[in-house]
Amino acid sequence: MRGSKPKDEHVKKPSNAFMLYRSEKVAEIVEQYPEYKKEQARLSKVVGQIWQEEPDDVKARFIEMAREEKRVFELANPGFKYGP
């Protein structure tokens with residue numbers, strides 16, 4: 001692949017709050033709507049709508065999880081800069 005780094009050099013970025021929320025919600029939604037399993041775009045749209053309606057305390061939990069994931073990432077990868 002052009003421009004790709006070998007797997008041992010690849011550094012996975014920490015997830016943001018929505019991505020952590022999505023990971024948790026997907027199983028729940030697929031259980032209710034099995035046809036969504038193969039429609040990731042549709043699934044993301046549904047999760048996005050649910051996320052928008054969540055109360056602030058629910059969002060705050062995922063925001064804190066994302067902060068912690070970022071903190072751990074920065075400790076494990078000091079000075080890391082994202083680039084194309």
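Reader: What is the relative accessible area of Glu69, a partly exposed residue?

Author: This is a predicted model, where side-chain atom pairs count only at pLDDT 80 or more, local features need pLDDT of at least 70, and totals for chains, interfaces and linings use all residues. Residues are numbered from 1 along each chain as its sequence is written, and side-chain values use heavy atoms, leaving out hydrogens and water. Buried means under 20% relative accessible area, exposed over 50%, and partly exposed in between (1.4 Å probe, protein chains only). Glu69 counts as partly exposed because its relative accessible area is 28%.

Reader: Which helix holds Glu69?

Author: Helices (H or I, at least four residues) and strands (E, at least two) are DSSP runs, numbered from the N terminus. The protein chain has 3 helices and 0 strands, in the order α-α-α from the N terminus on. Glu69 lies in helix H3.

Reader: How far apart in space are the C-alpha atoms of Glu69 and Pro14?

Author: Contact means heavy atoms within 4.5 Å. Apart from neighbours within four places in sequence, Glu69 is in contact with Pro14, Ser15 and Leu20. Glu69 and Pro14 are 55 residues apart in sequence, but from C-alpha to C-alpha they are separated by 5.9 Å.

Reader: What share of the contacts between residues at least 6 apart in sequence joins residues at least 24 apart?

Author: The protein chain has 84 residues, and buried ones make up 25% of them. Among its contacts between residues at least 6 apart in sequence, the share that joins residues at least 24 apart is 64%.

Reader: Which side chain of opposite charge is nearest to Arg22?

Author: Arg22 is in helix H1, which covers residues 17-32. Lys and Arg count as positive and Asp and Glu as negative, while His and the chain ends are not counted. A salt bridge is a side-chain nitrogen of Lys or Arg within 4 Å of a carboxyl oxygen of Asp or Glu. Arg22 is buried and has no salt bridge, and the nearest side chain of opposite charge, 11 Å away, is that of Glu39.

Reader: Which side chain makes a polar contact of 2.8 Å with that of Arg22?

Author: A polar contact is a pair of N or O atoms within 3.5 Å; within protein, one must be able to donate a hydrogen and the other to accept it, and residues adjacent in sequence count only if both atoms are side-chain atoms. Leaving out neighbours within four places in sequence, the residues in contact with Arg22 include Leu43, Ser44 and Val47. The polar contact of 2.8 Å joins the side chain of Arg22 to that of Gln40.

Reader: What is the angle between the ring planes of Phe18 and Trp51?

Author: Rings of Phe, Tyr and Trp (its six-membered ring) pair if their centres lie within 6.5 Å; planes under 30 degrees apart count as stacked, over 60 as edge-to-face and the rest as tilted. By this rule there are 6 aromatic pairs. Phe18 and Trp51 have ring centres 6.1 Å apart, and the pair is edge-to-face because the planes stand at 75°.

Reader: Which residue lies over the face of Trp51?

Author: Trp51 is buried, with a relative accessible area of 12%. Ring pairs link Trp51 with Phe18, Tyr21 and Phe62 into a cluster. A charge sits over a ring if NZ of Lys or CZ of Arg is within 6 Å of the ring centre and within 35 degrees of the ring normal. At 5.6 Å from the ring centre of Trp51, the residue over the face is Lys59.
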